[in-house]
Amino acid sequence: MDDDPHGAVKVIIETPFSICEPGKDEQAFDPARTQSLAEALKILNAGVSSVIAQKDGRLTVNLLNGLKIKAGPNEDYESWHVILEGHYVLTCGPGAGVALFTDNNNPLASK
């Protein structure tokens with residue numbers, strides 16, 4: 001997903017995730033398998049209505065178009081980043097756990 005014109009939210013997911021669409025089965029995607037991502041394009045540039053990041057690394061992103069994205073932690077890699085208005089970054093590090101970075105210690109805020 002790219003910048004949200006409704007609230008300046010950017011979500012970067014680097015490990016497997018799923019998309020939930022009302023009335024349909026949850027679809028799983030893996031960014032490492034790019035051929036599987038065509039169906040995931042429906043979330044690109046979608047407006048974000050809410051983001052829920054849990055301490056254990058689970059992430060839920062509710063989109064304005066009714067879709068929901070779910071991602072979790074990964075043992076070996078950073079799983080996801082949520083950039084809020086370019087000033088704050090939530091990151092799920094390897095293993096689990098979520099870190100908050102601000103302007104002073106934020107490696108991704110300018111991206």
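**Strands, a loop and an aromatic pair**

Q: How many bridges join β1 to strand β7?
A: Strand β7, residues 80-84, is joined to β1 by five bridges, and the two run antiparallel. Strands here are DSSP runs of E with at least two residues, numbered from the N terminus, and two of them pair if DSSP finds at least two bridges between them.

Q: And what is the bridge partner of Lys10 in β7?
A: Lys10 has Ile83 as its bridge partner in β7.

Q: Before we go on, what kind of model is this?
A: This is a predicted model, in which local features need pLDDT of at least 70 and side-chain atom pairs count only at pLDDT 80 or more, while totals for chains, interfaces and linings use all residues. Residues are numbered from 1 along each chain as its sequence is written, and side-chain values use heavy atoms, with hydrogens and water left out.

Q: OK, which order do the strands of the open sheet have?
A: The open sheet has four strands in the order β1-β7-β8-β9, with antiparallel pairing. Its edge strands, β1 (9-13) and β9 (98-101), each pair on one side only. From one strand to the next the twist averages 15 degrees, where axes are lines fitted to C-alpha atoms and angles run from 0 to 180 degrees between N-to-C directions.

Q: Is Ala99 buried, partly exposed or exposed?
A: Ala99, which lies in strand β9, counts as partly exposed because its relative accessibility is 32%; buried means under 20% relative accessible area, exposed over 50% and partly exposed in between, with a 1.4 Å probe and protein chains only.

Q: What does Ala99 touch?
A: Leaving out residues up to four places away in sequence, Ala99 touches Val89, Leu90 and Thr91, with contact meaning heavy atoms within 4.5 Å.

Q: Switching topic, where is Asn74 found?
A: Asn74 sits in the loop between β6 (68-71) and β7. Its side chain reaches the backbone nitrogen of Asp76 at 2.8 Å, and, not counting residues up to four places away in sequence, Asn74 touches Thr15, Ser79, Gly93, Pro94 and Gly95.

Q: Last one: which residues form the aromatic pair?
A: The structure holds one aromatic pair, formed by Phe17 and Phe29, which are stacked at 5.5 Å centre to centre with 25 degrees between the planes. Rings of Phe, Tyr and Trp (its six-membered ring) pair if their centres lie within 6.5 Å, and planes under 30 degrees apart count as stacked, over 60 as edge-to-face and the rest as tilted. Both Phe17 and Phe29 are buried.

Methods. Polar contact = N/O pair within 3.5 Å; in protein donor to acceptor, adjacent residues only side chain to side chain.
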